[in-house]
Amino acid sequence: MSRIAIVTDSNSGISQKKAEEMGIHVLPMPFLIDGKEYLDGIDLFPKEFYEYLAKDADVSTSQPSPESVMALWDRLLKEYDEIVHIPMSSGLSGSCQTARMLAEDYDGKVEVVNNQRISITQVSSVLDAQNLAEAGKSAAEIRAVLEEEALKASIYITLTTLKYLKKGGRITPAAAALGTMLRLKPVLQIQGEKLDAFSKVRTMSAAKRVMLDAIRNDLEKRFAGCSMRIDVAHTNNETAALEFKKEIQAEFPGYPVMLVDELSLSVACHIGDGALAVACTKTVEV
């Protein structure tokens with residue numbers, strides 16, 4: 001049986017410490033903050049990141065350099081036979097396409113998964129890849145399964161501010177000003193390759209109800225009969241996330257709530273702090 005290394009990037013939200021505990025490898029994503037480059041999980045951590053946001057620093061994301069990607073692969077291939085590389089959704093970043101081009105020079109030893117996921121649903125893909133590898137699947141077989149299952153996941157997110165959507169050009173300044181005046185709380189969704197508007201409400205309790213109803217609809221219709229997991233995430237809002245977990249458990253007693261964690265910084269960059277998110281993801285059967 002081939003020795004397979006599982007690689008993802010820090011858009012998954014998996015820290016370097018957690019990656020070591022899990023037995024996987026995480027490629028840190030670069031951030032530019034006021035013109036200086038930082039690496040997610042290396043010299044940039046959530047506490048410092050949100051401090052920069054609070055100071056209204058100029059924050060943007062970037063792609064890992066081809067050299068850093070290949071350096072990680074080359075190091076791992078000294079110990080492993082094959083690599084399964086799981087980057088964030090190709091629709092949200094060019095890093096997937098870049099990795100696929102680089103993998104062409106690795107004679108089939110590196111399989112790059114166009115997984116169409118990010119953050120907590122990307123974590124689920126990593127766990128599925130580990131289970132498939134332990135079951136004896138090859139890197140190519142793992143890639144095929146993950147791509148087939150890629151769209152069987154949803155994330156719903158509610159925000160406390162429209163500032164960062166405006167800053168990133170996702171809404172106009174006029175729409176942001178009107179939304180702020182009306183105290184609107186947008187609910188966004190990530191399904192596959194897009195971050196889209198889903199609903200608009202005026203209170204956090206209404207936003208959570210919208211998200212719970214959306215999850216219920218997914219579980220009963222889109223994913224009827226599937227083995228599903230539910231995860232909770234947040235941006236610098238852990239207390240509220242833990243409370244939301246209790247509400248979800250009461251709403252869906254038959255489904256495990258597996259994870260309560262920070263949304264990846266690459267998502268937080270576009271939505272700011274205070275956000276709450278819930279995801280449902282199909283578990284791959286081995």
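The model is predicted. The protein chain has 286 residues, of which 49% are buried. Its secondary structure comprises 11 helices and 13 strands.

**The chain as a whole**

- Contacts between residues at least 6 apart in sequence were considered, and 75% of these in the protein chain join residues at least 24 apart.
- Both helices and strands contribute to the fold, with 11 of the former and 13 of the latter.

**Helices H3 and H4**

- Helix H3 covers residues 66-76 and helix H4 covers residues 95-103; their axes lie 11 Å apart and form an angle of about 55 degrees.
- On the H3 side, the residues in contact are Pro66, Val69, Met70 and Trp73, and on the H4 side they are Ala99, Leu102 and Ala103.
- This contact between H3 and H4 consists of 7 nonpolar residues, with no polar and no charged ones.

**Helix H5 on its own**

- Helix H5 runs over residues 119-134 and has 16 residues.
- At 1.5 Å a residue, H5 should span 22 Å, and the distance of 23 Å between its end C-alpha atoms agrees with this expectation.
- H5 is largely enclosed by the rest of the structure, because 13 of its 16 residues are buried.
- After H5 comes Gly136, which has a positive phi near 95 degrees.

**Helices H5 and H6**

- Helix H6 spans residues 139-149, and its axis and that of H5 come within 10 Å, crossing at roughly 140 degrees.
- The angle makes H5 oblique to H6, because only angles over 145 degrees count as roughly antiparallel.
- The crossing of H5 with H6 is right-handed.
- H5 contributes Ser125, Asp128, Ala129, Leu132 and Ala133 to the contact, where they meet Ile142, Val145 and Leu146 of H6.
- The residues of this contact between H5 and H6 divide into 6 nonpolar, 1 polar and 1 charged.

Technical notes
Residues numbered from 1 in each chain as written. Predicted model: local features only at pLDDT ≥ 70, side-chain atom pairs only at ≥ 80, totals over all residues. Heavy atoms only, no water. Axes fitted to C-alpha atoms, helices over the stretch in contact; angles between N-to-C directions. Helix = DSSP H or I, 4+ residues; strand = E, 2+ residues; numbered from the N terminus. Contact = heavy atoms within 4.5 Å. Nonpolar A, V, L, I, M, F, W, Y, C, P; charged D, E, K, R; others polar. Expected span 1.5 Å × (residues − 1). Buried < 20%, exposed > 50% of the residue type's maximum accessible area, 1.4 Å probe, protein only. Parallel < 35°, antiparallel > 145°, perpendicular 65-115°, else oblique. Left-handed = near helix turned anticlockwise from the far one by under 90°.
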